[in-house]
Amino acid sequence: LEKLKRVQDAIIALYFLNKKDNNNYKLSILGEGVEKDNLAGLVRKLKLNKSVSFFGHINNKTDLEKIYLKNDILIHTSLSEGTTKVLPEAMSFGLLPIAVKGVGSNDYILSDKRGILVNPKSPEEIADEIIKFNNISSDKKKEYIDNGYKYADEHSLEKELDKMWEFIFTKVDKA
């Protein structure tokens with residue numbers, strides 16, 4: 001939890017969501033870092049204590065999977081990612097990913113109706129996109145989730161390693 005991760009945008013988005021939609025949304029925050037106390041203070045200031053859970057650093061795969069399975073959406077507000085591994089990871093659990101446009105590989109990963117891209121530092125846009133997504137047909141929702149599953153499967157670590165070794169051996173054979 002650091003400044004460039006912009007976790008406060010997810011917290012403020014939750015505030016807007018509960019204000020606009022009154023649907024009792026919840027937010028799970030994973031990670032540790034220098035911003036944790038500031039984020040907890042923001043949660044208290046916005047009176048979201050009952051809606052936000054801080055889980056700290058999760059290093060147990062089973063615990064992480066349980067958290068993914070209890071959620072529907074991954075909000076990834078970071079402004080500093082290169083290749084965002086958490087997006088396909090969340091997709092593999094059927095979560096809708098929301099991430100910032102123009103950051104790392106987000107635009108590519110979430111293209112073709114695999115997720116939602118938002119402008120940087122835009123919590124109200126995040127809230128509006130969640131409300132919009134929740135109001136589309138179940139068939140359209142399923143399309144996003146299925147596209148995410150497909151992307152996650154096609155880009156699994158095993159398949160990416162196979163591509164890497166194929167590339168390496170092709171270069172070695174030509175040498």
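Mentor: Helices (H or I, at least four residues) and strands (E, at least two) are runs assigned by DSSP and numbered from the N terminus. The model is predicted, and residues are numbered from 1 along each chain as its sequence is written. Local features need pLDDT of at least 70 and side-chain atom pairs count only at pLDDT 80 or more, while totals for chains, interfaces and linings use all residues, and side-chain values use heavy atoms, with hydrogens and water left out.

Trainee: How many helices and strands does the protein chain have?

Mentor: The protein chain has eight helices and five strands. Read from the N terminus, its elements follow the order α-β-α-β-α-β-α-β-α-β-α-α-α. The C-alpha trace spans about 65 × 40 × 30 Å along its principal axes.

Trainee: How are the strands of a sheet held together?

Mentor: Strands in a sheet pair through backbone hydrogen bonds, in a parallel or an antiparallel manner. Here two strands count as a pair if DSSP finds at least two bridges between them. In this model, three strands form an open sheet in the order 3-4-5, and their pairing is parallel. Strand 3 and strand 5 (116-118) are the edge strands, each pairing on one side only. Neighbouring strands of the sheet are turned against each other by 20° on average, direction ignored.

Trainee: How many bridges join strand 3 to strand 4?

Mentor: There are four bridges between strand 3 and strand 4 (residues 96-100), and the two run parallel. Among the partners, Ile75 is bridged to Ile98 of strand 4, and His76 is bridged to Ala99 of strand 4.

Trainee: Is strand 4 enclosed or open?

Mentor: Burial is judged by relative accessible area: buried means under 20%, exposed over 50%, and partly exposed in between (1.4 Å probe, protein chains only). All five of the five residues of strand 4 are buried, so strand 4 is largely enclosed by the rest of the structure. Both of its faces are covered, with Leu96, Ile98 and Val100 buried on one side and Pro97 and Ala99 on the other. Strand 3 has one covered face, formed by Leu74 and His76, and one uncovered face, formed by Ile73 and Ile75. Over the protein chain, buried residues make up 39% of the 175 residues.

Trainee: Which strands does helix 6 lie across?

Mentor: Contact means heavy atoms within 4.5 Å. Axes are lines fitted to C-alpha atoms, for helices over the stretch in contact, and angles run from 0 to 180 degrees between N-to-C directions. Helix 6 lies across strand 3, strand 4 and strand 5, and runs at about 155° to strand 5. Asp128 belongs to helix 6 and is partly exposed, with a relative accessible area of 33%. The C-alpha atoms of Asp128 and Ala13 are separated by 8.6 Å, although the two residues are 115 apart along the chain.

Trainee: What does Ser105 contact beyond its neighbours in sequence?

Mentor: Ser105 sits in the loop between strand 4 and helix 5, and is buried at a relative accessible area of 17%. Apart from neighbours within four places in sequence, Ser105 contacts Gly82, Thr83 and Thr84.
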